[in-house]
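Please find below my note on the model under review. The points are numbered so that each can be taken up separately.

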Amino acid sequence: MSASSPSFVAKNSVSKLPLIGLISKCLGCIFVQRESKCSDSKGVSGAVTERLHEVSQDENSPMILLFPEGTTTNGDYLLPFKTGAFLARAPLQPVILRYPYRRFSPAWDSMDGARHVFLLLCQFANYIEVVRLPVYYPSEQEKQDPRVYANNVRKLLATEGNLVLSNLGLAEKRVYHAALNGLLCQS
């Protein structure tokens, strides 16, 4: 964030958080309602694609930081990528984020936001390792098929980051969280 002050895509509830919501709005973030297929008139993919086109055509346009998994993991696995970040067919810079820790993982993994922030603030320090890979230029085949583009970037990140490719996605993570919080209905 400090290197380029990029905007990002976040769930709509982030816009309502004290301080974080204000900062997110100032950065020009794209807020989405995950449960809705159409969070605004353009849709999420349309808004992201439009912003990516702006960035690729105007070097003064604010960058956008995208998390194509749509969520976070424990840092050992790479979930399937959503294609929204790849629809613009523009070059991108893959980045691997790691959160080395001893007691509590700063990666938002399996609890509600308030508890997560509280535990983060209870630690003396939270660290992040950022690995920037070279800019990735899509091939003609990747430009024609965003799924191919997304999968190729995902494989590159898995190889470079020594990560395991997982076939489980956001939907399965939600079921897991519901089970952890005792919210699953039992028959």
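The points below cover the basis of the model, its sheet, its cores, its aromatic pairs, its salt bridge and selected loop residues.

1. Basis. This is a predicted model, in which local features need pLDDT of at least 70 and side-chain atom pairs count only at pLDDT 80 or more, while totals for chains, interfaces and linings use all residues. Residues are numbered from 1 along each chain as its sequence is written, and side-chain values use heavy atoms, with hydrogens and water left out.

2. Three strands form an open sheet with parallel pairing, in the order 2-1-3. Strand 2 (30–32) and strand 3 (64–65) are the edge strands, each pairing on one side only. Strands are DSSP runs of E with at least two residues, helices are runs of H or I with at least four, and both are numbered from the N terminus. Two strands pair if DSSP finds at least two bridges between them. Strand 1 (residues 7–11) is joined to strand 2 by three bridges in the parallel sense. Phe 31 in strand 2 is the bridge partner of Ala 10.

3. Helix on the sheet. Helix 2 (residues 43–57) packs on the sheet and touches strand 1, strand 2 and strand 3; contact means heavy atoms within 4.5 Å. The direction of helix 2 makes about 170° with that of strand 2. For such angles, axes are lines fitted to C-alpha atoms, for helices over the stretch in contact, and the values run from 0 to 180 degrees between N-to-C directions.

4. Nonpolar cores. A nonpolar core is a set of buried Ala, Val, Leu, Ile, Met, Phe, Trp, Tyr and Cys residues joined through side-chain atoms within 4.5 Å. The largest has 14 residues, of which Leu 78, Phe 81, Phe 86, Leu 92, Tyr 149, Val 153 and Leu 157 touch the most other members. Helix 5 gives the most to this core, with five residues. A second, separate core of eight residues includes Ile 30, Val 48, Ile 64 and Ala 88. Neighbours within four places in sequence aside, the contacts of Leu 78 include Leu 157, Ala 158, Leu 163 and Val 164.

5. Aromatic pairs. The structure holds three aromatic pairs. The ring centres of Phe 81 and Phe 86 are 6.1 Å apart and the planes lie at 10°, so this pair is stacked. Rings of Phe, Tyr and Trp (its six-membered ring) pair if their centres lie within 6.5 Å; planes under 30 degrees apart count as stacked, over 60 as edge-to-face and the rest as tilted. Phe 81 is buried at 11% relative accessibility, and Phe 86 is buried at 2%. Buried means under 20% relative accessible area, exposed over 50% and partly exposed in between, with a 1.4 Å probe and protein chains only.

6. The tyrosine pair. Tyr 136 and Tyr 149 are also stacked, because their ring centres are 5.8 Å apart and their planes are at 25°. This pair links distant parts of the chain, 13 residues apart: Tyr 136 lies in the loop between strand 6 (129–132) and helix 4 (140–144), and Tyr 149 in helix 5 (residues 146–161). Tyr 136 is buried at 17%, as is Tyr 149 at 0%. Ring pairs link Phe 81, Phe 86, Tyr 136 and Tyr 149 into a cluster.

7. Salt bridge. The structure holds one salt bridge, defined as a side-chain nitrogen of Lys or Arg within 4 Å of a carboxyl oxygen of Asp or Glu. Lys 143 forms it with Glu 140, the closest N and O atoms being 3.7 Å apart. Lys 143 and Glu 140 are three residues apart in helix 4, so about one helical turn separates them. Lys 143 is partly exposed at 27% relative accessible area, whereas Glu 140 is exposed at 54%.

8. Pro 138. Pro 138 lies in the loop between strand 6 and helix 4 and is buried at 11% relative accessibility. Pro 138 and Arg 89 are 49 residues apart in sequence but 6.8 Å apart in space, C-alpha to C-alpha. Beyond its neighbours within four places in sequence, Pro 138 is in contact with Arg 89, Ala 90, Pro 91, Lys 143 and Tyr 149.

9. Positive phi. Leu 19 has a positive phi near 65° although it is a residue other than glycine. Leu 19 is in the loop between strand 1 and helix 1 (20–26) and is exposed at 60%. Asn 162, also not a glycine, has a positive phi of about 55°. Asn 162 is in the loop between helix 5 and strand 7 (164–165) and is exposed at 69%.
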